[in-house]
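The exercises below ask for a careful reading of an assembly, and each is followed by a worked solution. Please look over the sequence and the coordinates before starting.

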Amino acid sequence: MDLLSRKKFLHSLIDSMESGGCYADILYINNTSLAVNKDKTTIDVSRDADEGVKLRVFDGKRFHELGLSGWNETSIKKSALSLGKIKNVAKISLDIPTQELDANYTALGKIDPSTIPIKTKLADINTLHKAAFAKDFANLRLHYDETHEEKIFVSQNRKLSQKISGCHIALMSFVKSVEGDIRLHYESFFDHGYERMNIKKSSLAHLISFSKKIAKAKKLTPGKYHCLLSPHLSGLLAHESFGHGMEADTLYKGRGKALEFLGKKLCGKDVSIADGPMQPGKHGFFFFDDEGCLATKTLMMDEGVVNLPLTDMFNAAKLKVPRSSNARAESFDRKSYARMTNTFFEPGTSTRAKMQQKIKDGLLLHTASGGMEDPKGWGIQIQGVVAEQIKNGKLTGELFYEIGMSGYLPTMLSNIQEVSKEFEIPGTGICGKGHKDWVRVAEGGPYLLIKDVVLS
Amino acid sequence: MNKQKIIQILKGQKLDSWKIIFSENKRCSLFYTKNGELETGINSSGTQAAITIYKDYGKQIGDSSFEIYCDDEDKIKAQIKDALTLCALAKKPIYPMLQPTAASVELVDKKIVELFDNSEQEQQLFSIWKKLKEATPSGVRIAACELSLGLSKTEIVNSTGKSATSQRSKFFIECPITALKKGLELEYLATTTTLRLSDFNPTDFIECNSKLAKDVLLAENIKGSHSNIALSGDALRDFWSPDISTNPLVFHSSARAKYMDLSNFEKGKKIGVGFTVHSNPLIDYNPHSSAFDFDGTKSSKVTFVSRGKWNNMVASARYAHYLGVSVSGALGAIEVECEDTFDSLDGCVEIVSFSSFVPNGPSGDFSAEIRLAYLHKGKQKIPFRAGMFTGNIFSMLDKMKGSKQTGVMDGYKGPLTLRLDGATLSGV
């Protein structure tokens with residue numbers, strides 16, 4: 001049964017699911033992927049799949065959900081009938097779309113990866129690995145991950161489907177440091193189509209030269225530094241230190257400090273932070289979320305004022321705030337939570353060159369390995385930062401490795417001096433709610449000039 | 001899904017060799033939000049099969065795997081054909097296929113099996129929630145709660161004609177606890193995973209974690225720098241995380257990392273003094289225990305550091321063959337023994353919880369913020385937070401001392417407190 005026929009079948013079950021007076025919806029997920037891992041010793045290839053159906057009803061107070069793996073029409077029908085027996089117990093005050101919409105969306109890139117023969121892919125991977133492998137490397141691991149996501153969402157008024165492909169290439173170089181330990185550098189690339197395999201020579205040259213510099217990188221003396229944050233770092237700051245704290249379920253539970261500041265000024269006018277899945281070609285892109293909300297942009301911080309949270313259906317209703325397209329589930333058997341998508345500071349008016357000139361003795365923060373949220377305390381926790389010294393406005397080439405960034409978010413935001421107009425969203429990572437419920441996201445933004453950044 | 005049908009399809013294809021991992025899962029989860037309101041209840045079930053096809057090329061072997069959710073013969077045959085194409089493109093030095101065998105380790109709670117058999121799993125979770133609420137002391141509130149019961153069964157069959165089966169039960173709870181005082185609120189995230197319901201006591205869980213939440217609230221930011229660090233509780237468990245990507249000792253004892261030229265493991269090479277570390281997947285009812293690994297290799301305890309020296313590697317069948325070392329099977333809980341013990345923590349900073357502890361596996365470097373720690377001054381235990389614990393794990397191994405009290409946690413067995421004299425912590 002093709003996707004459109006499955007959509008029709010699932011929609012036909014909604015009436016029976018609502019026979020008890022509840023609200024009902026169904027989400028079908030069919031994700032397949034081709035994963036290739038190549039390093040100097042071996043090549044491993046596998047195909048993974050995650051397929052299932054999530055049926056749920058809302059009785060006025062809570063959701064009742066059933067998750068079934070695979071596609072079995074008999075089991076799906078049986079589950080729909082059992083949910084149809086649940087009676088409505090209270091007024092349903094969810095923000096349910098009333099306008100009917102029947103739409104099908106695709107994002108397959110310029111070159112649909114499924115049209116490229118597998119032999120060509122493996123040959124291209126081998127060629128890319130060879131081109132990126134410098135003789136000084138202890139090893140280089142190339143991870144090629146080609147994903148095909150299919151989703152259907154149906155409710156009384158919504159019949160939606162989307163097909164999104166993704167080509168994600170990660171290059172991990174391992175170099176031996178001057179002290180003898182092994183250090184790792186990571187660069188990644190993403191787009192919907194196979195055109196992403198065409199990685200510029202200049203990007204590979206950068207990977208090689210940066211990895212060699214990391215081998216000589218030193219440890220940083222803990223302290224406060226005048227810093228220029230790259231788009232990658234500014235994105236991580238937006239995501240980890242602010243974005244998680246704006247997820248509506250976190251706010252409703254009283255777990256987010258931002259609740260006290262909704263509508264209030266937190267920092268300067270040049271600081272705005274947004275989230276939204278609507279940018280094609282970014283790792284957090286999609287057409288509609290897992291509760292059928294079409295892609296929207298949410299301005300979480302508007303010129304220094306804490307503005308709107310990221311929502312799912314339940315918590316938007318509880319907080320009485322507008323719905324946004326942020327309800328996402330890791331899989332058919334996991335809960336849909338309010339999650340980020342593509343998260344970024346909005347661009348400003350300065351330039352990277354001007355901002356760097358203003359640093360007499362400071363650092364350019366290039367990359368980081370990740371971070372952790374602290375919505376209640378607004379603490380900043382970003383680890384694995386790689387930084388480069390700036391002296392009198394010029395990069396010196398001296399790197400510092402495995403740095404931790406900490407501090408208090410309002411202080412950090414208030415210390416932002418300038419925001420560049422240069423803007424990109426390079427992130428290709430995954431985000432967990434704590435240490436579970438993983439979803440694909442992207443982060444990025446402009447360069448940020450910030451004083452007194454706490455590093456150790 | 002008809003397992004025998006899938007096995008017969010593979011046998012009919014006359015493949016050189018193959019492996020199937022059948023998984024069956026059931027789970028029931030409840031999600032509570034503000035004021036103890038139930039937001040969602042989820043019941044899920046699923047079966048899937050992960051199939052690996054192997055093709056023999058003399059001194060080389062090709063392998064490729066795929067996953068299926070149904071036993072449709074045409075679909076499976078198409079996948080096999082695709083996998084054989086991939087085998088030709090993914091050749092590597094040959095390695096043996098072993099007969100699947102299950103180690104003897106207790107992983108399933110009969111009580112949880114009964115609950116699912118009688119469809120009482122959701123009732124059980126309601127009952128646990130009620131006990132948690134009743135045990136909540138004054139001065140704290142449960143901000144939210146996720147409770148989950150699960151049952152899974154894994155069967156590995158391969159072309160040797162043998163199979164091994166393992167069943168596992170699981171209870172999981174994640175509970176942010178907020179302490180309140182004079183308009184100030186801070187939280188402590190309490191989580192635990194057990195395989196046996198009787199290992200979870202709602203009253204103890206709430207009382208212990210409420211105390212930690214209250215201490216987070218009382219804690220001030222630490223100032224200055226401190227050496228003589230001790231680890232306990234969640235911090236100790238995170239430090240010894242049994243995961244190749246987040247534990248440098250595990251990373252470097254991995255045969256796969258050695259084969260990739262990334263490990264500094266050399267048998268007999270000294271990396272510290274007076275400690276021994278094992279991977280132990282055979283601790284009954286430990287969430288990191290297992291009967292076999294993804295090849296069906298029987299789990300076994302491996303001593304990868306013996307009295308401060310690299311000893312044995314943690315190796316799957318493939319990498320054990322490549323390096324000429326023993327096959328160990330799955331990585332289990334990390335078991336630590338210290339020759340030196342200590343009597344007092346006076347003058348020490350005892351870290352009980354990190355905000356996030358993610359060391360760099362290959363280099364051993366780390367930088368982690370403190371969520372909660374205690375400064376021991378005589379009989380006083382002064383709580384504080386913030387501050388950064390930074391360093392390199394390999395440089396801390398010379399001066400490790402363990403408490404005389406030992407115990408078992410999720411993923412760890414050994415001294416309940418570990419002193420790392422020589423490690424440093426920087427205040428804010």
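**Exercise 1.** How many salt bridges does the rule find across the interface of chain B and chain A?

*Solution.* The model is a predicted one, and across this interface the rule finds 14 salt bridges. As a worked case, take Asp261(B) and Lys40(A), whose side chains meet with an N to O distance of 2.5 Å; the criterion asks for a separation within 4 Å, so this pair qualifies as a salt bridge.

**Exercise 2.** Describe the extent and the make-up of the contact between the two chains.

*Solution.* Begin with the residues: chain B contributes 65 residues and chain A contributes 63 residues to the contact. Next comes the area, since the size of an interface is often given as the accessible area lost when the parts come together. About 5500 Å² is buried between chain B and chain A, with 50% of this area coming from carbon and sulfur atoms. Then turn to polar contacts, for which the count between the chains is 34 residue pairs, both residues being at pLDDT 80 or more. On the side of chain B that touches chain A, strand 2 (residues 38–57) of chain B supplies the largest share, 10 residues, and by class that side holds 24 nonpolar, 20 polar and 21 charged residues.

**Exercise 3.** In which sense do strand 2 of chain A and strand 3 of chain B pair?

*Solution.* Strand 2 (residues 43–58) of chain A and strand 3 (residues 60–68) of chain B pair in the parallel sense, over two bridges. To locate the pairing, find Ser46(A), which stands opposite Ser65(B) in strand 3 of chain B.

Methods
Residues numbered from 1 in each chain as written. Chains lettered and ligands numbered in written order. Predicted model: local features only at pLDDT ≥ 70, side-chain atom pairs only at ≥ 80, totals over all residues. Heavy atoms only, no water. Contact = heavy atoms within 4.5 Å. Buried area = accessible area lost by both parts, 1.4 Å probe. Polar contact = N/O pair within 3.5 Å; in protein donor to acceptor, adjacent residues only side chain to side chain. Helix = DSSP H or I, 4+ residues; strand = E, 2+ residues; numbered from the N terminus. Nonpolar A, V, L, I, M, F, W, Y, C, P; charged D, E, K, R; others polar. Pairing = 2+ DSSP bridges.
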